[in-house]
Amino acid sequence: MFSERWICFCCPSTTKPHRSIVPIQAPQVQSQPQHHSKIKGKHKKSDLTLAAVVIIQSWFRRRQARFEIRRKAAWTIYQNIEYAGEQDQLKLYNFFLDLMQAVTKNPRDALVVAKVLRRTSTEDIELVNTTGPDTVFVESSYKGPHIQLPINKEQFESLTLALQRGESLHARYVLLILHEVRKILKRLPNVNIVSTHQSTCVTVVGDLHGNLSDLMLIFHKNGLPSNENPYIFNGDIVDRGPQSIELFLLISVAFIVYPNNVYLNRGNHEDHVLNLRYGFMKEIIRKYKSQSTKLLHLFENIYSWMPVASLIDDHIFVTHGGISDITDLNKINQIKRNKYISVLSPNFIIPENDEQYQIDGLSNEQLLEWRQMLDLLWSDPKQANGCEANTYRGGGCYWGPDITQKILEKHNWSLIIRSHECKEEGFDYCHDKKVLTIFSASNYYAAGSNRGAYVKISKNQPPSIVQFMATKTTIKPLTLWERVSYVEEQALRNLLEKFSANKSRLMKEFQLIDPKRTGRISLNEWCDIVTHVLDLKLPWRTLKSRLVDIDPDGSVLYETTFRFQELQCIFNSQLTTRRESLCQAIYRNKDLLETVFRAIDQDNSGVISMQEFTDVCVFLGNHNGSIFDEKQIMDLAASIDLDKNGVIDFNEFLEAFRIVDADDRSRNHV
């Protein structure tokens, strides 16, 4: 049954005992080669594992490099489009200034432009009488939070919870809070003096831009403001985000309750000129329509009283934008900051009344003071030495590491903390870690586009930076790859909208290069044209595969950009060439037209009255040399007022633009 080599160790050996050694010794002689083969097998397996690891690492690094290229390209798209918008707004503002300079002989016209640019009275009595909380009554149906004087810690905490639940604050209480804030701000110097001797630590928060969820997350992680937990809010509280007014109110209540431990710095968006375009004015009108004029006037005045910088322990300078080669703390402290209701249009440029009206003849002292303000709120650092105009944004300057060193040594400072620029990680050091940028609005461009951050400053300790990203609890956190892909998708969608809005201009330039209508131009020509027409300096060679088709010979098939599916979402129906061009013109200028409309709408009613329309028509007539009589103006207004209700709404305003645009093109065609 068993072979001869099988030995049963349970039973005694009865026969052939001499054979018992054979099956024992035989395998022992062969065991050594088997052991060596096992070792060789292990070495072979280790080599295969190592090779697999190397291949995976190589694949991962290539993939990571591709994603980094895509991420940087998407980031560049977002920043270029953002800064181009700021340039457009400043160009519109400069247009109004040019109009004013053209009609200096007529003081009434100067007053019209002053109204268009939202000049408000700085007289305390008049402002209190027209915007006081007593002018508004709380309806019995109101179910939101209530605020009463004196505002205390308990009201601050209850308001925090109410806003977190999505409740709205009544206009009466909004006015009450804003007037209390204004009283405190008026007593403050231009530069807040902050100390860590008692609290041991102070938290600096950068741009929030109307994102209440970011502030709530900061309070959750870092604690509510208190005498033991001071905060500096470094500007750009409002605009862009959907909850700017709630954000400003919550910070304001914290400031009222802890006036010695909550500090406010003004940002470049604390300015009505930018609020016209970037959403805060629209938000106030939507949420508080009947009281919007009072609120807007009060906000404008509060902006002018906000300090422009803070100084921590005499050696850390905190301001929204940055510095320049002329930054001087002594001169900054001497500025009468309430003159700058808008930093872009101080009172000595656009005065409150026609008796003061004067454009030319500004002294060097006035210009240097004005530049100090502009530089603090608008400037950006650069890697190269020197100081030059910030043409990218249209305001402030670019300053280099040599300027940083010069200003730090001049004032005996060790660090400059600024905000003003979105950073992917929420913060960024430059100039040999002597300039720190802090940006606290996460998901600024798109969901997952960037982290937010705040910095904690402690005595004799390096800055401690805390990063975060606000996400809805119902949304699954995105992986790195999903986040980059989503951000890139949104960036390309925004860029394709630019292509769509400028299709006629692009096609005209393409066909000048391609007179035979082959549909092909060289890559260099395509890059030059889109850079010039869109006014965006982007890595077009990197982006080309996502925007156009390329021939095997390297030529660009320029018409394929407008065949992408994303563009079909913008033009859902088949349009004639003329109608398509018109839609492009309206789409391209929609932000500009809406800004002009809101500028003319003095009472923020959402419509232009006949008196407002008449004032602007007379003013523009004087500018271009045309004289309109009252009947012509009323006939023009009646032709725009399509529903004949006596006022012009935004849709009618756009329709008037459409008609004029069509008439101009038909005349050019003839």
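**Entry 1: H5 and H7.** I examined a predicted model, and in it I asked how H5 and H7 lie relative to each other. I found helix H5 (residues 171-185) packed against helix H7 (residues 244-257) at an angle of about 50°, the axes being 10 Å apart. Angles under 35 degrees count as roughly parallel and those from 65 to 115 as roughly perpendicular; H5 and H7 are therefore oblique to each other. I noted the crossing of H5 past H7 as left-handed.

I then listed the residues that make this contact. From H5 I recorded Val174, Ile177, Leu178, Glu180, Val181, Ile184 and Leu185. From H7 I recorded Ile245, Phe248, Leu249, Ser252, Val253, Phe255 and Ile256. By class, the residues of the H5 contact with H7 comprise 12 nonpolar, one polar and one charged.

**Entry 2: H9 and H10.** I next looked up helix H9 (residues 280-287) and helix H10 (residues 292-305), whose axes come within 9 Å and cross at roughly 145°. I recorded a right-handed crossing for H9 and H10. On the H9 side, the contact is made by Phe280, Met281, Ile284 and Ile285. On the H10 side, I listed Ser292, Leu295, Leu296, Phe299 and Tyr303. How many residues of the contact of H9 with H10 are nonpolar, polar and charged? I counted eight nonpolar, one polar and no charged.

**Entry 3: the sheet of E7, E9 and E8.** I turned to an open sheet of three strands, which runs in the order E7-E9-E8 with mixed pairing. I marked strand E7 (380-381) and strand E8 (387-389) as the edge strands, since each pairs on one side only. For E7 and strand E9 (residues 397-399), I noted parallel pairing over two bridges. I also looked up the bridge partner of Pro381 in E9, and it is Trp399.

**Entry 4: Ser449.** Where is Ser449 found? I located Ser449 in the loop between strand E12 (435-438) and strand E13 (452-458). Finally, I noted a separation of 6.9 Å between the C-alpha atoms of Ser449 and Glu424, two residues that lie 25 residues apart along the chain.

Conventions. Residues numbered from 1 in each chain as written. Predicted model: local features only at pLDDT ≥ 70, side-chain atom pairs only at ≥ 80, totals over all residues. Heavy atoms only, no water. Axes fitted to C-alpha atoms, helices over the stretch in contact; angles between N-to-C directions. Helix = DSSP H or I, 4+ residues; strand = E, 2+ residues; numbered from the N terminus. Parallel < 35°, antiparallel > 145°, perpendicular 65-115°, else oblique. Left-handed = near helix turned anticlockwise from the far one by under 90°. Contact = heavy atoms within 4.5 Å. Nonpolar A, V, L, I, M, F, W, Y, C, P; charged D, E, K, R; others polar. Pairing = 2+ DSSP bridges.
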